[in-house]
Amino acid sequence: MTEQNKIRSHFEKYVVTYLFIALSVLFIVVSGLDMNYVASQLLLRLNRNAFIVLALIIPIIAGMGINFAITIGAMAAQIGLLLTINWGISGVPGILLAAAITLPLGAFFGFLIGKLLNKMKGQETIGSLILGYFANGAYQLLFLFIFGSIIPLNSNVTIVGASGVQNTLNLTGSVGLYTAIDSIAHVPFLLALYIFCGVFAAAAIFQFVRKKITVKRMIASLVLAAALAGIFSIPAIASVVNGSHGRELKLPLVTWLLILALCLFNSTIMRTRLGQKFRAVGQSQTVANASGINVDRTRVIAIMISTVLAGWGQIVFMQSEGIGTFQTYAAHEQVGLYAGAAILVGGASIDRATNLQALVGTFLFHSLFITAQSAASAMFGNSAVGEYFRAFLSYGVIAVALIMYAWRSAKQKKAGQMNLAEQRAVKS
Amino acid sequence: MSGKAKEKPTVQSRIVPVVLFILAAALIAASIGGYALQNAGDIQKTLDTMRTNTVLHTASEGLVNSIAQQARADKLAELRKDKNFRKRGLDEVNAICDGAMEEARAAAEALYANPVVKDQAALESAIEAFEAALAEASILSAQEKGVFSDLYVQLVDNISNWTEIAGEGKQDSEILASLAAVASGVNDKANSHLQSSFVRLARDMAAKQQAKEDGELQNQLITLMVGAVADWTEYSGLDQAALWDKLLADVPALADNVRFKDAMLTAAQGYVAAAEKGEAINPPAEADKGADTVSETQADYSYFVPTEALTKEENEKNDAYEALKAQLIAIIPDLGGLSAKLQTTLRESLEKVLWLGDTDFSTRYNAYTAHQSGTESEGAWKLNLASMAKPLLLAGVAVLLLGLVLFFWKPLTTRFGVPRTIIALFFVYLCLLAELYNISVKLMLGNVLERMTMYGVLVLAMMPGIQCGIGLNMGMTIGCISGLLGIVLALQFNMVGFAALLFSCVCGAVISLPLGWGYSKLLNRMKGNEMTISTYVGFSFVSLMCIGWMMLPFDNPKIIWLLSGKGLRVTHSLLGSFAHLLDKLLAFSVFGVKVPTGGLLFLALCCLLIWLFSRSRLGIAMTAAGSNPRFAEASGINVNKMRTVGTVLSTVIAAVGIVIYSQAFGYAQLYTAPRQLGFIAASAILIGGATVSKAKVSHVLIGVFLFEGVLVFGQQIANSVVAGGGLSEVMRIMISNGIILYALTQTGGGRRD
C-alpha cells in the first residue's frame with residue numbers, strides 16, 4: 001500500500017470523526033459560548049457518559065454490531081436504583097447496593113438478549129434496537145402495574161392512590177444518591193492532567209526498558225505526553241480550565257478511576273483466552289467454529305458483559321452532577337442512541353472499536369451537543385432548530401456509519417466474490 | 001405433514017385439549033342452567049322483591065342520614081350560641097357534633113329501618129312504572145346532555161392546544177383516540193369513565209411536559225389543564241378538592257403554578273363557606289361523599305335548549321317519580337317533610353338504583369344485593385347461579401376455543417403461522433372480555449373499521465418493499481414526509497374538499513418519486529443490511545425534516561407559528577379542509593356498526609391496483625427478483641432495477657397513505673410524528689402473516705384488521721380493568737415490537753459469513 005493510499009484509507013475510516021471535529025470548532029466559534037462554560041459542560045458529560053459508551057466495545061469486537069439493547073442494562077440499573085431508594089439506603093452503600101442488584105439482573109437480561117440475537121445473526125443492530133423498544137414495554141408493565149401492587153413498595157416512591165411508580169424520583173436530599181460517587185473526591189483538572197501525563201510517560205519508559213515497545217514508539221509517547229502537558233501550560237488555555245476567570249474544572253476522582261478501570265478491563269480482557277474468542281468470533285464465525293470455539297456461547301457472554309457494564313454505566317450517569325432526578329419512564333430511552341452515536345463519532349465501526357475511539361467519540365459528540373442550540377440560535381435566530389439538529393446528528397451519524405460500513409464490506413465482498421460464491425454454494 | 005401428525009397422536013398432546021373440552025362443557029352447561037333459572041318465575045319474583053326492598057331501603061336510609069345530618073347541624077348551631085365556642089378546639093367540636101349525629105341516627109334507624117308496607121302491589125307497580133320511564137329516558141337528563149356535549153368540544157379544543165404547545169406529535173393521536181372513546185362513553189351511561197380518563201389524560205400530559213426543560217411551555221400547559229379541570233368539576237359537581245389533591249400528588253410541579261393555587265384557594269373557600277353553614281366541617285379530603293353533602297357549585301345551563309322529545313321524556317319521568325314518591329310517603333310519612341335539596345338527593349339515589357332496569361340479570365342482582373340486610377334465603381344458590389350465567393358462558397366459550405386451538409395446533413400453525421394464530425385467539429378473547437365488561441362491541445367494530453381505513457394504505461406500502469427483496473421498508477417515512485409536504489402545500493394555498501385531497505396525494509407522490517429513487521439506489525448498495533439502514537435513514541430523514549419544517553418558507557398564517565411568525569406548527573387540523581372526506585362518503589350504519597364506506601372503497605381500490613400490478617409482467621419480475629435474486633439474474637431480470645421499482649412504489653404508496661391517514665384522523669402531524677409509522681406498518685403486515693421476504697394483499701388486510709382490532713378493544717378493556725390507563729400502550733409496544741422481533745428471528749441464524 002502506497003503512502004497516499006494509506007492516508008486515503010485512514011481518511012475514509014475517520015471521515016465522520018473529522019467532520020465532527022470541524023463542526024465542533026465551527027459551532028464553538030459561532031455559538032459564542034464562554035470557553036470555560038463549554039469545557040466544564042464537556043467534562044461533566046464525559047463523566048456521565050463515558051462509562052456507558054465504553055460498555056459497547058466488547059459486543060462490537062465480538063461481531064455483534066452496536067448493541068442498542070444496552071437500554072435493557074440501563075433498565076436493570078433503574079430497577080436496582082428504585083429498590084435502593086425504596087429501602088432508603090443512601091450514599092456509597094446505596095450505589096453499591098444498586099450495582100449489586102444490577103449485576104445478576106443485567107447478566108440474566110444479557111443472557112436472554114444474547115440468546116435472541118443468536119437467532120438473528122447479521123441483523124443484530126436492528127434486532128437489538130427493536131429489542132430495546134420491546135423491553136421498554138415490559139419495563140412499563142413492571143413499573144406501572146407490578147411494582148406497587150404485586151411487589152409492594154413504600155409510599156414515597158409509588159403514585160398516590162394507584163399502583164405504579166412515580167414519574168420522577170428525587171435523588172437529592174434525604175435520598176442521598178445524588179453525586180454519591182462524584183463527590184467522594186475532586187481533583188483539579190490541571191493537576192489530574194499532569195499526573196496522567198507523568199504516569200503515561202513513565203509507563204512508556206518502563207515498557208521500553210522491559211523491551212515491550214520500540215524506541216520510536218517510546219519517543220512518540222513521551223512527545224505526546226509532553227505536548228499534552230505543554231498545551232495546557234499555555235496561559236491562554238490554562239485559564240479556561242484553572243478558574244482564573246470562570247469556574248475551576250475539577251475531576252471527580254472516583255468516577256474517573258472507574259472509567260479508567262473499565263478501559264483497562266476492556267483492553268485486558270482482549271488478552272485473555274475469552275478475549276481471543278471474542279476477536280475470533282468477530283472476525284469470522286465459520287473460522288471460529290472450525291477452530292472449536294462455541295460461537296453462540298461466546299456471543300452470549302459478550303452481550304452479558306456489555307449489559308451489566310451498561311447498567312453500571314447508567315448508575316454512574318444517574319448519580320452524576322446536574323441530574324438529581326430519576327425520570328422513571330424516560331431515563332433509559334435515549335441511552336442506546338446517544339452511546340451508539342458517540343462511539344461511531346469516535347471512528348469506531350460496526351466491527352471494530354477501541355477505548356480511545358469511545359472516549360474521543362463521547363468528547364466530540366457532546367461538544368456538538370452542548371453547542372448546537374446556541375449555534376443554531378446564532379445562525380438561524382431559532383433555538384428549536386438546534387434541538388432538532390441534535391436529534392438529526394444522533395440518527396444521522398448512525399445512518400452514515402452504517403452506510404459506510406455496508407459500503408466498505410460490499411467493496412470487500414466484491415474483491416472476494418469468488419470465495420463468497422463458493423461458500424454460498426456450500427451452504428445451499 | 002398433517003398426515004404425519006395424525007399418525008401418532010400421543011396421549012400427552014391430546015390430554016390437555018380433552019380436559020379443556022370437558023371443562024368448557026361443564027361451564028356452558030352451568031351457564032345454560034343459569035339462563036334457564038333467570039327466566040324461572042320464582043326467581044323473577046324474588047328479584048322483584050329484592051328491588052322493592054332496595055327502594056325502601058334507599059328511601060329510609062336517605063331519611064335516616066338527613067335526620068342525622070340535621071341533628072349534627074343543630075348541635076353545631078347550639079354550640080355556636082355558647083360563649084365558650086371559640087375556646088373549644090375543632091376536634092372537640094367535631095366530637096360533640098358527631099356524638100349528637102350518631103345518637104340521632106340510631107334513633108331514626110330504630111324508627112324507619114323496617115317500614116311497614118300497606119299496599120305491596122301498588123308500590124311494586126309504581127316502582128315498575130318509574131323504572132320503565134327511566135329506561136326509556138336516557139340516563140343523562142336533557143340538560144346534562146347539552147352540557148356534556150359542550151364540554152366535550154371544549155376538551156378536544158384544549159387537548160389540541162396542549163399538544164400543539166407541547167410539540168409532542170406522537171401522543172395526541174392516542175389522546176384523541178381515547179377522547180373519542182370517552183365521548184362514546186358519555187352517551188353510554190358511563191360518565192364516571194369520562195371523569196377518570198380525563199384526569200388521567202391531564203396528568204399524563206403534565207407529567208410528560210414536566211420532563212421537558214422549557215419551564216414556560218410547562219407553565220402554559222398546566223394552566224390550560226387546570227382551567228379545564230376546574231370547568232369540568234364545576235359541571236359535573238364532583239369533589240373538586242379531592243381531585244386537586246390527587247393531581248397535586250401526581251404532578252408536584254403544580255404547586256408552583258399560580259392558577260392552580262388560585263383554584264385550590266377557591267375550592268378551599270367553598271368548603272369554608274359550607275362549613276360556616278354547618279353542612280360539613282370535616283376537612284375537604286375526608287368530606288363525606290354520602291347523599292347529604294351537596295356541592296354548592298351550580299352549572300350554568302342557560303345556553304342549552306332541550307328538544308321536544310327530550311322534554312317529553314323528562315316529563316314522563318317526573319310523573320312516574322311523583323307516583324312512586326306518593327307511594328313511599330304513604331309508607332314513610334316523614335319523607336314528605338324533607339327539604340327541597342334533600343328531596344333531589346333522594347330522587348338521584350333512587351334513579352341510580354333503578355336505571356339498572358334495562359340491564360342484564362347479574363347487574364341488577366349485584367346492585368340489589370348491596371342493599372339487602374344479609375339474610376340468607378333458601379334459594380340463594382339459584383340466584384347466584386342465575387347471576388353468574390353470562391360470565392360462565394363467556395368462560396366456557398373461551399375454554400372451548402383454547403381447547404380447539406390446542407387440538408388443531410399443528411394444522412393451524414402450519415396454515416396460519418404461530419403469531420397469527422395467537423393474535424387471532426387473543427382478539428377473540430378481547431371480544432369476549434368486551435362482552436363481559438358490557439363494552440359495546442358494535443361501537444368498537446366501527447372504530448376498528450375506521451382505523452383500518454386510516455392505516456390500510458400505509459400498511460399496503462410495506463408490500464412492494466417486501467416483494468422486491470428489500471424486506472421491511474422502515475424508510476417508508478420518506479414517503480410519509482413527502483405526503484405531509486403535499487398536505488401542507490394544500491393548506492398553504494387554502495385548498496378545500498376533494499381538490500385538496502387529490503392535490504395532496506398527487507403532490508406527495510410526485511415529491512416522493514425522486515426521493516424514493518435516490519433511497520433505492522442507496523439500498524441497492526447495501527444488500528443484506530437493508531432493514532438496519534432503512535430504519536436509520538428513515539429516522540435521520542425525519543429529524544432532518546424537523547429542521548425543514550422550521551425553515552421552509554411557508555407563510556400562510558393558518559399553518560405557521562403565530563408567535564414567532566415562522567416555522568410550521570406541529571398539528572394541523574384538517575377540519576376546514578378535507579378531514580374525514582373519504583370516510584363520510586357514502587357512510588352508513590349496519591346493525592349499529594358505522595361503516596366508513598369511502599375510505600374502505602379507496603383501500604379496496606389500492607389493494608386491487610397492487611394486486612393487478614403483482615400479476616403484471618413487471619410485478620412478477622419484481623417478485624422473482626425479491627424472492628431469488630440469483631435465479632432472477634440468471635433468467636435475465638435486472639435485479640437492481642426491480643428493487644428500485646419496488647422501493648419507489650413503496651415510497652409513493654406511503655405518500656398517498658399518509659394523506660389518507662390524515663384525512664381519517666382529521667389532523668396532519670409534522671415533526672417527529674411520522675417516526676414510528678414504519679414500525680406500525682411493519683408489525684401490522686407481519687401480524688397478517690407476511691414474512692420479511694413474502695407478502696400478499698390478504699396479509700395487509702388481515703394484518704391491519706387484527707392489529708387495529710386488538711388495539712381498539714385492548715384500549716377499552718384495559719381502561720375498564722385497570723384504572724389509571726397505560727396498560728393499552730404497554731400492550732401496543734409489546735405486540736408491535738414483539739412481532740417484528742419474531743420475524744427477525746425467522747430470517748437470521750447463521751446468515752453472516
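This is a predicted model: local features need pLDDT of at least 70, side-chain atom pairs count only at pLDDT 80 or more; totals for chains, interfaces and linings use all residues.
Biologist: Why is Phe665(B) called buried?

Modeller: Phe665(B), which is found in helix H28 of chain B, has 22 other C-beta atoms within 10 Å. A residue counts as buried if 20 or more other C-beta atoms lie within 10 Å of its own, and Phe665(B) is therefore called buried.

Biologist: What separates Phe665(B) from Arg451(B), in sequence and in space?

Modeller: Phe665(B) and Arg451(B) are 214 residues apart in sequence, and their C-alpha atoms are 8.6 Å apart in space. For Lys641(B) and Val700(B), which are 59 residues apart along the chain, the C-alpha separation is 25 Å.

Biologist: What describes the packing of H22(B) against H28(B)?

Modeller: Helix H22 of chain B, residues 497-524, packs with H28(B) at an angle of about 145 degrees, and the two axes are 7 Å apart. H22(B) passes H28(B) in a right-handed crossing, and the residues of this contact divide into 13 nonpolar, eleven polar and one charged.

Biologist: How do you know that the length of H6(A) is close to what is expected of a helix?

Modeller: Helix H6 of chain A, residues 91-118, has 28 residues and reaches 39 Å from its first C-alpha to its last. The expected span is 1.5 Å times one less than the number of residues, which gives the expected 40 Å, and the 39 Å of H6(A) is close to that.

Biologist: Where does H3(A) bend, and what span does H3(A) have?

Modeller: H3(A) bends by about 40 degrees at Arg48(A). This helix, residues 35-54, has 20 residues and reaches 27 Å, close to the 28 Å expected at 1.5 Å a residue.

Biologist: Which residues bring H5(A) and H6(A) together, and how many of them are charged?

Modeller: Helix H5 of chain A, residues 70-87, and H6(A) pack at an angle of about 145 degrees with their axes 8 Å apart, and the crossing is right-handed. Among the residues that meet are Ile72(A), Gly73(A) and Ala76(A) in H5(A), and Leu105(A), Gly106(A) and Phe109(A) in H6(A). The residues of this contact divide into 13 nonpolar, six polar and no charged.

Biologist: What makes up the contact between chain A and chain B, and which helix of chain B gives the largest share of its side?

Modeller: The contact takes 43 residues from chain B and 47 residues from chain A. Helices H8, H10, H23 and H31 of chain B each supply at least two residues of the side that touches chain A, and the largest share, 13 residues, comes from H23(B). That side of chain B divides into 22 nonpolar, 15 polar and six charged residues.

Biologist: What can be said of chain B as a whole?

Modeller: Chain B has 31 helices and four strands, and 42% of its 753 residues count as buried. Of the contacts in chain B with a separation of 6 or more, 78% are between residues 24 or more positions apart.

Key. Residues are numbered from 1 along each chain as its sequence is written. Chains are lettered from A and ligands numbered from 1 in the order in which they are written. Axes are lines fitted to C-alpha atoms, for helices over the stretch in contact, and angles run from 0 to 180 degrees between N-to-C directions. A crossing is left-handed if the near helix is turned anticlockwise from the far one by less than a right angle, and right-handed if clockwise. Ala, Val, Leu, Ile, Met, Phe, Trp, Tyr, Cys and Pro count as nonpolar, Asp, Glu, Lys and Arg as charged, and the others, Gly among them, as polar. Two residues are in contact if their C-beta atoms, placed from the backbone, lie within 7 Å. A residue is buried if 20 or more other C-beta atoms lie within 10 Å of its own, exposed if 12 or fewer, and partly exposed in between; C-beta atoms are placed from the backbone. The bend at a residue is the angle between axes fitted to the seven residues ending there and the seven starting there.
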